[in-house]
Amino acid sequence: MEPFSQVELQLAARNHGMPLEALRYPLTPAGLHYLLIHYDIPAVDPEAFRLTVGGHVARPLTLSLDDLRARDAVEVEMTLECAGNGRALLPDPRPLSQPWLAEAIGNAAWRGVPLAPLLEEAGPADDAVEVVFTGLDEGVEAGERQFYERSLTLAEATAGDALLAYEMNGQPLLPQHGYPLRLVVPGWYGMASVKWLTRITAVSEPFTGYQQTPAYHFRRDEDDPGEPVTRIVPRALMVPPGIAGFPERERTLDAGPTTIEGRAWSGWAPVEAVEVSVDGGESWTEAELEPARGRWGWRGWRFAWDATPGIHLLLCRARDAAGNAQPDEAAWNVGGYTNNGIQRVEVTVG
């Protein structure tokens with residue numbers, strides 16, 4: 001595989017994944033939750049901050065943080081994953097972007113204002129087809145100066161559990177996680193959950209901003225218009241067992257009874273099964289699933305293993321209730337999106 005570029009190293013220094021040993025925590029501490037920032041963290045004065053809801057609506061709204069906090073609040077536990085998770089594991093040519101391995105993940109409790117009632121209050125016009133969400137983070141991409149913007153169809157925005165979050169795990173949002181307000185869209189990859197949210201706009205035509213299209217599309221080549229990336233496909237990850245070497249992080253484990261544990265999730269349907277292999281995929285055994293943590297949070301699993309001396313290749317894979325299952329290897333695409341190929345962890349048992 002070709003060396004990582006200066007661009008990729010800069011991105012990797014600014015952003016970070018969740019250490020896989022943090023899969024042990026039901027809720028990911030905010031400082032360990034994966035982080036991807038496209039441009040810069042904007043400076044926000046909370047006293048002057050306003051959220052506007054406008055465009056093709058009957059009753060435009062302008063709301064301060066106090067206005068938002070005074071409204072009925074809900075809390076949603078949700079697993080959030082970057083659409084590019086696993087990008088660096090795809091075969092060459094490697095897509096040039098944040099070089100994620102498998103750690104672009106986190107599970108947090110988000111508290112804030114439900115989106116659907118807010119949109120209903122604003123009263124979308126009959127010709128409104130989509131809702132555009134604009135963040136305060138501004139930059140240049142593909143030669144275009146822009147704010148980070150994404151859209152949902154009106155049906156998607158009003159039918160699910162999306163909310164405007166001002167708290168994460170019981171605390172105000174940290175600056176890097178979108179303080180003071182962000183959109184959170186359960187079940188969707190992280191690109192939909194716009195941070196530093198400042199404007200919601202109902203529009204009468206499909207939104208074509210850069211982060212909506214051509215970005216975040218499955219494309220076989222540069223000329224392929226592709227299909228949009230939407231919901232999270234199934235994935236299981238294990239806590240790498242034993243202890244790690246430095247810097248290569250080879251795994252070493254004492255022989256005898258041990259427990260392999262991890263988490264699994266899917267944005268399409270609840271996780272139905274996790275299977276584990278300790279022989280490189282020659283045979284598979286179902287793991288024990290923990291009770292589900294609501295619809296949108298990840299699900300814990302455990303597998304008892306009597307580890308015998310030697311080198312073992314451990315694998316895990318998930319399947320959801322809609323029949324979606326992890327492939328052995330994910331298909332290559334231009335953006336390197338949704339690589340949910342099976343995790344492989346080599347362990348030396350002694």
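Is Tyr 34 buried or exposed? I looked up Tyr 34 and found it buried, with a relative accessible area of 7%; buried means under 20%, exposed over 50% and partly exposed in between, with a 1.4 Å probe and protein chains only.

I note that this is a predicted model, in which local features need pLDDT of at least 70 and side-chain atom pairs count only at pLDDT 80 or more, while totals for chains, interfaces and linings use all residues. Residues are numbered from 1 along each chain as its sequence is written, and side-chain values use heavy atoms, with hydrogens and water left out.

**Aromatic pairs**

I searched the whole structure and found three aromatic pairs. Rings of Phe, Tyr and Trp (its six-membered ring) pair if their centres lie within 6.5 Å; planes under 30 degrees apart are stacked, over 60 edge-to-face and the rest tilted. Tyr 34 and Trp 100 form an edge-to-face pair, because their planes stand at 85 degrees, with the ring centres 6.0 Å apart. Tyr 34 lies in the loop between helix H1 (6–14) and S1, and Trp 100 in the loop between strand S3 (74–81) and strand S4 (105–114), so the pair ties together parts 66 residues apart in sequence. Helices (H or I, at least four residues) and strands (E, at least two) are DSSP runs, numbered from the N terminus. Trp 100 also counts as buried, at 3% relative accessibility.

I then recorded Trp 265 and Trp 298, a tilted pair at 6.0 Å centre to centre and 45 degrees between the planes. Trp 265 is buried, and so is Trp 298.

**Sheet**

I traced an open sheet of five strands in the order S2-S1-S10-S5-S6, with mixed pairing; two strands pair if DSSP finds at least two bridges between them. Strand S2 (61–63) and strand S6 (144–153) are at the edges with a single partner strand each, so one side of each has no neighbour in the sheet. Strand S5 (residues 130–141) runs antiparallel to S6, joined by nine bridges. In this pairing I found Phe 133 opposite Arg 150 in S6.

**Asn 340**

I located Asn 340 in the loop between strand S21 (310–320) and strand S22 (343–349). Asn 340 counts as buried, at 7% relative accessibility. A polar atom of its side chain lies 2.9 Å from the backbone oxygen of Pro 234.

**Charge over ring**

I found the charged end of Arg 317 over the ring of Trp 284, 3.7 Å from its centre. The criterion is NZ of Lys or CZ of Arg within 6 Å of the ring centre and within 35 degrees of the ring normal.

Methods: Polar contact = N/O pair within 3.5 Å; in protein donor to acceptor, adjacent residues only side chain to side chain.
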